[in-house]
Structures are given as structure tokens and as C-alpha cells.
Amino acid sequence: MPDLFTFFGLISHDKTFIYMTHMLLSAGIALLLVRIAISNLQLVPRGTQNVMEAYISGVLQMGIDVMGEKDARRYVPLVATIGLFVAIANLIGIVPGFEAPTAFLEMPLTLALSVFVYYNYVGIKEQVVIKYFKHFMGPVWWLYWLMFPIEIVSHFSRLVSLSFRLFGNVK
């Protein structure tokens, strides 16, 4: 983004440098926010602890509604971390002199790829390889030859779809 002024652009106009610094800034702000929230834990939360507890409770409740309590509690750290990181990364772009890291296609693609690899790993680990790939074949045995390639393409298209949706919303 050479035509936009960014504070880190004063150091280098390299796109990768600007993207990486803003991404690291987002991660640093997220870590700082969490650190402040847990620095003085109280039974009756106040301030940052209250905001973070409300956020985690909201993410957990959405997860419970979608996948049940056991799985929601299992995946809430991943979902809440990605959500907080993306929210901060998007909000950075509102501040003059900063660029949202999600405005660079590399970040949404990396996040989508990370989640894609993780949920396939968990699926294979819990269901074993054969059973995991059998669910791509559909419910009727005589349509296996048609459903398997369609499901595989659909599965991989999620990477592109998720990446471009986040990228397009910020850009």
C-alpha cells in the first residue's frame, strides 16, 4: 500500500514489513489486553476483566448453542483467540496511520489454513482416516463416485471462501 501513509511505512515501504509489523502489533495488543485482564483477578470482575469475561462467556454460549457444552469448552480457546485477534487487527485499521493486517490476503489465508489443518487433524484423530474420509461420500453408496469429488472440492473451497470474505470485508 505505497499510496497510504502508515507509521511503519516510514521505516520501510515493503508490503511484507508493513503487514508483519501491524500483525505483530495486533498480537501484542491482544496479549497486553489479556495480561491486564488476568493481572488482578477478582471474584466480582471490574474493568478489563469484566469485558474479557463477557467476551469469553459470549463465545462459549455461541459454541454451546452450536456444538454442545463438551465440545464448546474444548474449542473456546481457539475460537476466542482467533476472534479477539481478528477484532483487534480490524480495529487497528480504523486508526489513522495504521493498516489493518486483514487487508492483506496473507493473514486471512493463514488463519483459514490454520483452522483447516486443525479441524482436519482433529477429525482424522477422532474418527480414524477411513471413517473420516467416508463421510465425504454421502449417504447413498451408489452416489459415492459423484459425491466424493464434489465434497473434496467443497472442503478445499472453504479456504478460499473464508479468506476472501474476511479480506473483502476489511478491504
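Biologist: Which residues are buried in α3?

Modeller: In α3, A72, Y75, V76, A80, L84, F85, V86, I88, A89 and I92 are buried. Buried means under 20% relative accessible area, exposed means over 50%, and partly exposed lies in between (1.4 Å probe, protein chains only). A helix here is a DSSP run of H or I with at least four residues, numbered from the N terminus. Please keep in mind that this is a predicted model, where local features need pLDDT of at least 70, side-chain atom pairs count only at pLDDT 80 or more, and totals for chains, interfaces and linings use all residues. Residues are numbered from 1 along each chain as its sequence is written, and side-chain values use heavy atoms, with hydrogens and water left out.

Biologist: What do the buried residues of α3 pack against?

Modeller: They pack against α1, α2 (47–67), α4 and α6 (144–170), where contact means heavy atoms within 4.5 Å.

Biologist: Why is S39 called exposed?

Modeller: S39 has 58% relative accessibility, which is over 50%, so it counts as exposed. Its place is in helix α1, and its side chain reaches the backbone oxygen of I36 at 2.9 Å.

Biologist: Why is the pair of F136 and F148 called edge-to-face?

Modeller: Rings of Phe, Tyr and Trp (its six-membered ring) pair if their centres lie within 6.5 Å; planes under 30 degrees apart count as stacked, over 60 as edge-to-face and the rest as tilted. By this rule there are eight aromatic pairs. For F136 and F148 the centres are 6.4 Å apart and the planes stand at 90°, so the pair is edge-to-face.

Biologist: What makes this pair a tie between parts of the chain?

Modeller: F136 lies in the loop between α5 (129–134) and α6, while F148 is in helix α6, so the pair ties together parts that are twelve residues apart in sequence.

Biologist: Are F136 and F148 buried, partly exposed or exposed?

Modeller: F136, at 3% relative accessibility, counts as buried, whereas F148, at 29%, counts as partly exposed. Ring pairs also link Y132, F133, F136 and F148 into a cluster.

Terms used:
Helix = DSSP H or I, 4+ residues; strand = E, 2+ residues; numbered from the N terminus. Polar contact = N/O pair within 3.5 Å; in protein donor to acceptor, adjacent residues only side chain to side chain.
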